[in-house]
Amino acid sequence: MNAPVRATVAFQELIGSVRQHWANQLYPALHERYREIDRGGTPAMTEQAIAQVAETPLYQWFAFIERHYQRMKYSDPRWGLAASFESQPNWVSERLAAAESSPYLELNADLDIPDYYREIDIHQHPGNLIGADYDGLMYRASATSIHPNTRRFEAHERFADTVLAHRRFRSVLNMGCGFGKCTLPIAARLPEARVIGIDLSAPCLRLAAATLADTTLTNTRFAQRDALRSGYADGSFDLVTSTQLLHELPVEDIQRVLRESFRLLEPGGEVMHLDFRPRGRWMEFLLDGHAVRNNEGFMPAFNRVDMHEALREAGFVDIAIEPFAETEGATRPDWPYWRFPWTLFRAVKPL
Ligand SMILES: C[S@@+](CC[C@H](N)C(=O)[O-])C[C@H]1O[C@@H](n2cnc3c(N)ncnc32)[C@H](O)[C@@H]1O
């Protein structure tokens, strides 16, 4: 490893430790402060308590770290991920080489990319996920420090376990698959099934295909398609799924994705979308702040969508909206650390 790379690794480790400190020390202190002030009275008292907490130096510091350490992780001019990948084009192309000839990858340079996707540097990722060849690699590197109290990609592994425990699906569509973090664990657990991951981001799909090439799986395909209009035939799948896609869509597109999920399912097929759902005003307040600080502009509107009604309107029955533990014990009411309020939205297309 040469010196600039070592310095980058050290810097990124520092960012990871600050994220740990933020989640495991700052957040509990902030929550404690809120609980001291909010005596659990009326909604108006809760609003007052939140407004008071928002003025404290502790909250300002919490918010500063959330925004600026994520920004530095990506965009620090010397040691940020963008600078690091930018300076190693050969390493990037070698890492993605397997994707270039992959029979399991379908790219579409003419795909109409929606405006919302071009205009927002989501998660503060410079240029979103369609700017540079290394965007998939950069997203993967960044994703490793976002959920500090979990093992690497544990939420997605556990989601794949949930899918497997539910039913032995035969034909699975994973919408907004990114670099395959969830597609590949599902494909590994259902080797007899046909599994397709779709996304708008060619760099992410390239990384997904290169990662697939390192496995023995032959049941998986990745395709550059829009989840709002995927182009697959009616009834092509018995499971349509996504992880962390819904909160990234403009609110009117959430309903479109649910309708598209419904169309793509065979009768009796199931939808399982994993995302976030705050329970209670305190968490809603924190996620509203997170949305601003991390450029997740559609998240507040998503948090207020009546998902039960949205799924019903799309035609689904047997609707269940359940807290999801991204690691053992995380949904316990006394879990002390910061966590996203992971939630599984599932439903069935009637026979
Ligand atoms: C937060 S990332 C989640 C990625 C992956 N599912 C995971 O959990 O790691 C959201 C993903 O949705 C993709 N995406 C956003 N809008 C999309 C759309 N209309 N069609 C397909 N993918 C979309 C993004 O490119 C990104 O990869």
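**Pockets, a helix and a loop residue**

With 6 residues, helix 1 gives the most to the lining of the largest pocket. Helices are DSSP runs (H or I, at least four residues), numbered from the N terminus. The model is predicted: local features need pLDDT of at least 70, side-chain atom pairs count only at pLDDT 80 or more, and totals for chains, interfaces and linings use all residues. Residues are numbered from 1 along each chain as its sequence is written, and side-chain values use heavy atoms, with hydrogens and water left out.

**Largest pocket**

- The largest pocket holds about 580 Å³ of space; a pocket is an open set of points on a 1 Å grid over the protein atoms alone, where a 1.4 Å probe fits, with protein on both sides within 12 Å along at least five of seven lines.
- Its lining has 25 residues, of which Met283, Arg332, Pro333, Trp335 and Arg339 are the closest to the centre; lining residues have an atom within 4 Å of a point.
- A volume is the space filled by probe spheres set on the points, which are joined across faces, edges and corners.
- Helix 1 (3-37) and helix 12 (281-293) each supply at least two lining residues.
- Domain 1 (3-87) and domain 2 (154-348) each contribute at least three residues to this lining, the domain bounds coming from an automatic or database domain assignment.
- By class, the lining comprises 15 nonpolar, 3 polar and 7 charged residues (nonpolar: Ala, Val, Leu, Ile, Met, Phe, Trp, Tyr, Cys and Pro; charged: Asp, Glu, Lys and Arg; polar: the others, Gly among them).

**Second largest pocket**

- The second largest pocket contains about 310 Å³ of space.
- Among its 16 lining residues, Val9, Leu81, Ser84, Phe85 and Ala141 are the closest to its centre.
- Helix 1, helix 4 (81-86) and helix 7 give two or more residues each to this lining, and helix 1 provides the largest share, 6 residues.
- The lining of the second largest pocket divides into 7 nonpolar, 8 polar and 1 charged residues.

**Helix 3**

- The buried residues of helix 3 are Tyr59, Phe62, Ala63, Ile65, Glu66, Gln70, Lys73 and Tyr74 (buried: under 20% relative accessible area; exposed: over 50%; partly exposed: in between; 1.4 Å probe, protein chains only).

**Asp133**

- Asp133 lies in the loop between helix 6 (115-119) and helix 7 (135-143) and is exposed, with a relative accessible area of 52%.
- Beyond its neighbours within four places in sequence, Asp133 is in contact (heavy atoms within 4.5 Å) with Val92, Leu96, Pro203 and Arg206.
- A separation of 9.5 Å lies between the C-alpha atoms of Asp133 and Glu86, which are 47 residues apart along the chain.
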